[in-house]
Amino acid sequence: MKNRKRLLLLLGTVLLAVVLVGCGTAPINADSTGFWDRYIVLNFSRVIIWLSDLFSGSYGLGIIVFTLLIRIVLLPLMHGQTKSTRKMSEIQPRLKALQAKYSSKDAETQGKLKEETSKLYSEAGVNPAAGCLPLVIQMPLLMGLYQAISRTEELRSGSFLWLNLGRPDPIFILPIVAAVLTYATTKLSTMSQAESNPAMSSMMYMMPALILFMGITLPSALSLYWVVGNAFSVGQTLLLNNPFKIIKEREGKLQIERDRQRTLEKALNPKKKKKKK
């Protein structure tokens with residue numbers, strides 16, 4: 001149930017982002033009013049242009065550096081989310097045991113299940129909502145970036161490599177790369193989980209498909225943002241939460257436990273008497 005809720009929250013947030021990116025079409029400038037326009041969109045525009053000026057006026061490089069700065073700021077939050085997801089995976093057997101123990105649907109039993117589940121989360125240091133927090137935070141950033149580009153003449157008409165940053169990628173290279181990196185990011189984050197998670201398995205395919213669709217239809221600057229951001233996420237995962245290392249450590253611990261059990265069984269079982277000649 002919790003996995004289903006997280007998946008619905010994810011899809012709802014992305015849908016909200018798709019709807020809201022169309023809000024606000026007036027050019028942005030120093031005279032713009034309102035909290036969103038004046039303090040978010042306008043400042044995003046100014047920062048990207050300032051960064052672009054540092055790189056010979058390349059707006060594409062400005063967006064790349066802007067994306068990296070955002071990812072660095074969000075790094076502690078993303079790292080915490082990864083650790084929380086890993087802990088959630090590790091306690092799944094205990095959580096399922098509780099659900100089986102308190103399977104009755106009456107109010108008293110369900111209240112006891114909720115109490116024991118909260119206790120389990122507290123002991124494991126897990127916050128079930130932590131997995132959705134980075135996504136919720138990134139959505140306003142994505143919307144702000146979209147509007148900063150679409151409502152700023154310099155950025156809307158800017159170019160980078162073969163791209164017109166205010167228009168979709170004409171040969172779909174960036175959307176495809178963004179979708180592949182989105183898949184790689186989700187795949188790496190799920191590899192280290194002790195048990196398969198149906199919700200995450202669905203996200204592994206749904207998110208790349210959604211990113212591909214949005215990349216094909218929205219300005220190429222957003223695809224550039226996704227490519228850089230997800231490439232950063234892949235590197236971050238391999239560096240800080242390497243799934244191959246985690247799996248190797250888990251297998252080592254299981255092997256130690258199996259060896260300990262075999263040693264214990266040998267110690268408890270009486271030795272067989274040697275047959276008399």
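Tutor: In this predicted model, the pair to examine consists of helix α8, residues 173-191, and helix α10, residues 220-240, whose axes come within 8 Å and cross at roughly 30°. Angles under 35 degrees count as roughly parallel, and α8 and α10 are therefore roughly parallel to each other. The hand of the crossing between α8 and α10 is left-handed.

On the α8 side, the contact is formed by Leu174, Pro175, Val177, Ala178, Leu181, Thr182, Ala184, Thr185 and Leu188. On the α10 side, the contributing residues are Ser220, Ser223, Leu224, Trp226, Val227, Asn230, Ala231, Ser233, Val234, Thr237 and Leu238. Sorted by class, this contact of α8 with α10 comprises 13 nonpolar and seven polar residues, and no charged residues.

Phe172 lies in the loop between β2 and α8, and its phi is near 65°, a positive value in a residue other than glycine. With a relative accessible area of 39%, Phe172 is partly exposed. A positive phi, near 55°, is likewise found at Leu161, again a residue other than glycine. Leu161 belongs to the loop between β1 (159-160) and β2 (163-164). Its relative accessibility is 65%, and Leu161 therefore counts as exposed.

The UniProt record, an unreviewed entry, places the feature "transmembrane region" at residues 54-78, 169-186 and 207-228. In the model, the span 207-228 is 91% helix and 0% strand, with its end C-alpha atoms 16 Å apart. For residues 54-78, the corresponding separation of the end C-alpha atoms is 28 Å, and that span is 84% helix and 0% strand.

As for the setting, the protein chain has eleven helices and two strands. From the N terminus on, its elements run α-α-α-α-α-α-α-β-β-α-α-α-α. Of its 277 residues, 40% count as buried. Among contacts between residues at least 6 apart in sequence, 72% join residues at least 24 apart.

Note on methods:
Residues numbered from 1 in each chain as written. Predicted model: local features only at pLDDT ≥ 70, side-chain atom pairs only at ≥ 80, totals over all residues. Heavy atoms only, no water. Axes fitted to C-alpha atoms, helices over the stretch in contact; angles between N-to-C directions. Helix = DSSP H or I, 4+ residues; strand = E, 2+ residues; numbered from the N terminus. Parallel < 35°, antiparallel > 145°, perpendicular 65-115°, else oblique. Left-handed = near helix turned anticlockwise from the far one by under 90°. Contact = heavy atoms within 4.5 Å. Nonpolar A, V, L, I, M, F, W, Y, C, P; charged D, E, K, R; others polar. Buried < 20%, exposed > 50% of the residue type's maximum accessible area, 1.4 Å probe, protein only. UniProt positions renumbered as here; feature names shortened; annotations may be inferred.
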